Amino acid sequence: MKVISLNAWGGAMFEPLSAWLPSCGADVLCLQEVTHAAGLNGWTRFSDNDRSLPQRASLLDDVQRLLPEHRALFVCCDSGPVIGEDNHRHREDFGIAMFVHKRFPITHMESAFVHGDYQHYVEWPSSGRPRAAFGVRLIDAERDRVIAITHLHGLRDAAGKDDSPARLVQAKRLAALTERIGRDADFSILCGDLNLLPSSATFAILQRSGLTDLIGSADTRTSRYAKPVRHANYMLVSDVAKVVSVDAPAEPEVSDHRFLVLAV
């Protein structure tokens, strides 16, 4: 089984992303920064106090069209305004999505907010926005096993990626969710853009829940990211001995984040 995790940057690099997705080979694709504006296609402009970025009007629908053999599962963390190609304001839902190949039956789905709760904004704040995590238990019939997969986009803090009281709460809630989703599974995976440093106390908390990080201090950003701290994305598993391979390829560049690839 191949599991890929990527912060898709709202589809800002949609041309290379759309060229890569159909051939990426993911059995399960976990995407963070996924957009969905109902009834809207094409491009929008997202802005907060720190940045202004192009986004796809519905990256969720875009990816579903590119991966017709996968089920799209979307969890909205918050909503707010974007400017469409018509120069009008539209409501955008923003969250995380998982695309699971249809040959894997899903026996359990669960989501939970690990920071804050759903918000609808008149204007987007630059940090502190709510975060939900989402996971599934699925059947890998070819290998006669149950796989649990959870992913999230961790709290963004304008002050940086250092530990904080809010991130400690997030870690404890995330650990509890992964334990529930991983119950009775033969193998558990946690992945995503955690927005943390490799030294974060979060990893010790997750270790107590049976999860070991495979990425450590590896560079997980692309050339589109100019800041010096290159850590953000992680892949954790319940049994390192069952990992066939894990990688954070530098190319192709489809976001300002590298994608993570796990084979188990």
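**Figure 1. Arg56 over the rings of Trp43 and Phe14.** Arg56 lies over the face of Trp43, at 4.8 Å from the ring centre. Arg56 also lies over the face of Phe14, at 4.3 Å from the ring centre. A charge is taken to sit over a ring if NZ of Lys or CZ of Arg is within 6 Å of the ring centre and within 35 degrees of the ring normal. The model is predicted: local features need pLDDT of at least 70, side-chain atom pairs count only at pLDDT 80 or more, and totals for chains, interfaces and linings use all residues. Residues are numbered from 1 along each chain as its sequence is written, and side-chain values use heavy atoms, with hydrogens and water left out.

**Figure 2. The aromatic cluster of Phe46, Phe94, Tyr121 and Trp124.** These four residues, Phe46, Phe94, Tyr121 and Trp124, form one aromatic cluster. Rings of Phe, Tyr and Trp (its six-membered ring) pair if their centres lie within 6.5 Å; planes under 30 degrees apart count as stacked, over 60 as edge-to-face and the rest as tilted. By this rule there are five aromatic pairs. The ring centres of Phe46 and Trp124 are 5.4 Å apart and the planes stand at 55 degrees, so this pair is tilted. It joins distant parts of the chain, 78 residues apart: Phe46 belongs to strand E3 (residues 43–47), and Trp124 to the loop between strand E8 (119–120) and strand E9 (131–140). Helices (H or I, at least four residues) and strands (E, at least two) are DSSP runs, numbered from the N terminus. Phe46 and Trp124 are both buried, where buried means under 20% relative accessible area, exposed over 50%, and partly exposed in between (1.4 Å probe, protein chains only). For Tyr121 and Trp124 the ring centres are 5.9 Å apart and the planes are at 50 degrees, so that pair is tilted. Tyr121 is buried, as is Trp124.

Figure 3. Nine of the nine residues of strand E2 (residues 28–36) are buried, so E2 is largely enclosed by the rest of the structure. Strand E1 (residues 2–7) pairs with E2 in the parallel sense over five bridges; two strands pair if DSSP finds at least two bridges between them. Asn7 stands opposite Gln32 in E2. With helix H1 (residues 14–20), E1 and E2 make a right-handed β-α-β unit; a crossover is right-handed if, with the strands pointing away from the viewer, the path from the first strand over the helix to the second runs clockwise. E2 and strand E6 (residues 89–101) pair in the antiparallel sense over seven bridges, and Thr35 stands opposite Phe94 in E6.

**Figure 4. The six-stranded open sheet.** Six strands form an open sheet in the order E7-E9-E10-E11-E13-E12, with mixed pairing. Strand E7 (106–115) and strand E12 (212–213) stand at the edges, each with a single partner strand, so one side of each is left without a neighbour in the sheet. E9 and strand E10 (residues 145–153) pair in the antiparallel sense over eight bridges. Phe134 stands opposite His151 in E10. Ser111 touches Val75, Ala133 and Phe134, not counting residues up to four places away in sequence; contact means heavy atoms within 4.5 Å.

Figure 5. Asp193 is found in strand E11 (residues 187–193) and, at 2% relative accessibility, counts as buried. Residues up to four places away in sequence aside, Asp193 touches Asn7, Gln32, Leu152, His153, Gly154, Ala232, Asn233 and His257. The C-alpha atoms of Asp193 and Glu33 are separated by 9.4 Å, although the two residues are 160 residues apart along the chain.

**Figure 6. Two nonpolar cores.** The largest nonpolar core has 45 residues, and those with the most contacts inside it are Met1, Val28, Met98, Leu138, Ile149 and Ile189. A second, separate core of 21 residues includes Cys24, Val63, Leu67 and Ala97. A nonpolar core is a set of buried Ala, Val, Leu, Ile, Met, Phe, Trp, Tyr and Cys residues joined through side-chain atoms within 4.5 Å.
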